[in-house]
Every structure is written in structure tokens, then in C-alpha cells.
Amino acid sequence: MIVVGAGPTGFMLAAELRLAGVRPLVLERQPRPRDTPKAGGLGGQILELLRYRGLLERFEAACTGPAPAPRFPFGGVHLDFTQLPDPPMRALPLPQQLLERLLGERAGELGVDLRRGHEVTGVSQGDDAVTVDVRGPDGPYRTSARYLVGCDGAHSRIRDWAGIPFPGTTYPEVNRLAQVTLPHTVTVLGNGDLGVPGFGRIRAGFTRTNHGLLGVGSSPGTQSVSLYTIEDESTEYDDDVPMTLAELQDSVHRVLGAHLPLAGSTRLSRFTFKAHQAERYRAGRILLAGDAAHLFPATGVALNAGMLDAVNLAWKLAADLHGTAPAGLLDTYHTERHLAGARTLLHTRAQVALRRGHDAAAEALRDVFTELLTDEQPLRRMGALVAGTDIRYPMPGSHLHPLTGTFAPDLTLHTDQGVTSIADLLHAARPVLLDLADRPELRQIARDWRHLLNLHTAKTDDRPADALLIRPDGHVAWAADLDESTDSAMPTLREALSAWFGTP
């Protein structure tokens, strides 16, 4: 099993494969970890998944600051969840370099074979294996495996060699995002506005001009400020060449028409926006995940989507490699994650429409959108869309329970061994059949699959179903509300077990 690319998606995939008993080889062309600033945090559904793996506290402990208030940019406006007791979206301030280090440490602890400075120069596949040509520090060599996953980013050569089309749109805009320190000649006012000598006031939030957009995020009492600019440009930038403080100042000057003094920076990043999605995530024995499979024209979503790709794919690949996968299991990776990618493209393209308009009609659209978000129900709906928690994967069968296909809720469980939770039960990344109504008939059916899953009987308050079959990626494969007889549930449970875990 070969994984190409040692970014967040590749590391997450490798670690999940190890949990499933597979030893992947990870090939990374860069000789050392990248230090170019990219994403500044991690948010959305992947945080819940990390909690279900028992990793979230470790990631939280490594954060570079306190978790930000749940208020997130959305196409030039904001989704403000600060008034909700249980925000549908949250984030961790975890720069991508630090995230990659944590994921790399986790992969190393699990015994992943990582080879840095090993560049894949060619790929071919046959009926039974994929062969790759590699240029390493000691010269070229060739290796093969039953499957290869391209986690090699937006310019994926694996995708090109597999012949997978990558249609979409590249928008003519450049975004610059920075965390900077202002000199004391610039005043941070009580409402977050900036007082700039010789210019006047720059208001907090977004300022739109004929030349672009400037975003300011500041906290009274500190000279550390977040700056964000968007300009339409035709310049081609090399992602590996870092942005400078002078480049940011020039951008602010072009957008605002004024010079903003800057004393220093702790983060400088530049990126362009693209909306692309691979037509298929699998071509024979080659699969794609992360930016190799999709690019989104908005910030804050790519890491979430890519790492969730990895978790969805890993257990299915492992089942195939172990010879336990039912027919078609691996194809569900494309079906499910292409659907999730399309949902993410939907809201990020909507953000393009919201932020790129500069006339009165566009301002009216943003005003109406902002007004709608003052109501809790649409605000929660948008939060779930951005977080990726609204995904319901298509599942086989008819008369499906409302939970089927969704991410399993984390229930507090009372067992003979004490109190636990669904999150605790999924630390090992094994499927779980959870009997919440003490029905031995259901457990008897599942015993034929006991070498592949864990069986648990528990009680919980306000149970959402009487029994749940939960996949390793945390999604519900089957659920039932039982009447006095389990006769109607038994066949559907057997069908679900066969569909996802094969014939015992």
C-alpha cells in the first residue's frame, strides 16, 4: 500500500491504515517538512472525528492560542455563532506546519514507513498491482503495491498519470492572510477599529473598495491584528515562495489607498482560489484524496475535507487488502466523498458570488444574507453545511432510519463495566454494534462478524435508536427502533453487516 504525499491528508490516511492493520509506505518528494505558512487552523467535522479517535486533547494542547470565538468569514460576511450555547462550527488555532508535525508524530508512533526526499517519477498499473518509479537520495528505484493513493496536492501528478479529469474554475484573485504586529503609532480602538496616522479610521471587519477587499480582525488591548486582502490579479505565484511583509503592505495600499504601518508578523500566507473536483476519485488501483481530489474557493474547509477523505478511505482499503471487503465496498469511497466534496463546492462557490460583487445589487445580496442569519435555524443550517456535519451518505436498503448515513451522535453509555461513550468505543477504529435495548437476538446475528467488529450492550438517556451499527469512520451503517419483536430488524441488520463487512 503506497501513499504519495506527507501532508495532513497523507499522514491521516497512513495512521488510519495502521489502525486497521495495514503497513503503508508514504513517499514524500520534499526532503524536510515545509515551513511555508498555509492553513492557520483546523475546523469542522474533523474535530469530532479526532475526538472519536482520542486525539483531540493532544491537538488542543498544541494550539498556538485559545480557540477563537465561533465567528467565521463567509464570502465577505460572517457566520456568527457566538450567541448559540452549542455552536455548529468551531475551530482550533493550529497552523498547518504544526498540524503536520502532530500527524507525523502520530504516524511514526504507529509504525508508518515515511520516506522523505523520495519523488515519484512515474506510475503504471496492472490488474493486480500499481508500480511506481521513484527518485530517492540514493538514486532511482522501483516499487509496487496493490493500491496507491495520491495525496500529492493541487498539482497532483498521480491524478494526471491516472488519467482522471480535474474540471473547474480558477478565479482571477489573490488572497493574502496575515497575523501582524502594529506599531504603537497605530491605535486599536475599543470597537476593534484601527486609528492610522495621516489616514484616519479603518473599521474592523470588511472594507470593500473599487480595488478589492480588506479584512481587519483585532482585539482591544493588543497590537496583534489579523489582516486579509483580496485583489483581482493575473500574476502567477509559486506556492513555495513565501509572502513578505512588504508584499502585504503593498497589497493593503492598493486596496485601501493608504499606507498601514506594520512592525512585524507571525504568519504570512498567500493563496489563489480554485473550484475543481476530480471526475472520479478512483481509477483502477489508484485513488485520490485531499487537494488532489478537490480544490475549494474559500478558506477554512480544505483540511477538514481532505482528512475526512482519508478516514473514509482507510478502513475500506484495509478490508480489501485483508480480503474481507464485500463487492463494491471500495467504490463507495468515490460515491460518498465525491458527494461530500460537491457539498463543499456548493457553499464555497456561493461564497465567491457573495464576495466578488462590488455594485449595489451585490451589497443588497450580502445585506439580505446577513439578515437571514440573525435567525437561529438558518444560522445552524449554514454552520452544519460549512462544518460538513450535514452529510448523509447514501446507504443500501429501504425504510432507512433517520440516523442511517449520518455521523453517529456521541452518547453517554452506561455498561456493566462503567460509563463510556460512543467516542471512546471508536478509539480503535473498529466497527461497533451498539445494543441499547438489550436484544440478544441482534447480538446473536452479529456474532458471525465478531472477528471484524466490537459488540456492546449499554443504556443511555434519550436514546435516538434502539440499536446502532457504526462504521470505523463514525458513520451509522444501520439503525433501528425496535418494537416488542425484533423479527423485522433482524434481516435488515444481517443485510447491513453483509453489505459493509462481507459474508462471514
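Select Ala 305, Leu 308, Asp 309, Asn 312, Leu 313 and Lys 316 in helix H7; they meet Thr 332, Tyr 333, Glu 336 and Arg 337 in helix H8 (contact means heavy atoms within 4.5 Å; helices are DSSP runs of H or I, at least four residues, numbered from the N terminus). The residues of this contact divide into four nonpolar, two polar and four charged.

The model is predicted: local features need pLDDT of at least 70, side-chain atom pairs count only at pLDDT 80 or more, and totals for chains, interfaces and linings use all residues. Residues are numbered from 1 along each chain as its sequence is written, and side-chain values use heavy atoms, with hydrogens and water left out.

Next, display H7 (residues 302–322) and H8 (residues 331–356) whole: their axes come within 10 Å and cross at roughly 155° (axes are lines fitted to C-alpha atoms over the stretch in contact, with angles from 0 to 180 degrees between N-to-C directions). H7 is therefore roughly antiparallel to H8 (angles over 145 degrees).

Trp 315 is buried at 9% relative accessibility (buried means under 20% relative accessible area, with a 1.4 Å probe and protein chains only), and Trp 500 is buried at 4%.

Ring pairs link Trp 315, Trp 500 and Phe 501 into a cluster.

Conventions:
Helix = DSSP H or I, 4+ residues; strand = E, 2+ residues; numbered from the N terminus. Parallel < 35°, antiparallel > 145°, perpendicular 65-115°, else oblique. Nonpolar A, V, L, I, M, F, W, Y, C, P; charged D, E, K, R; others polar. Buried < 20%, exposed > 50% of the residue type's maximum accessible area, 1.4 Å probe, protein only. Phe/Tyr/Trp six-rings, centres within 6.5 Å; stacked < 30°, edge-to-face > 60°.
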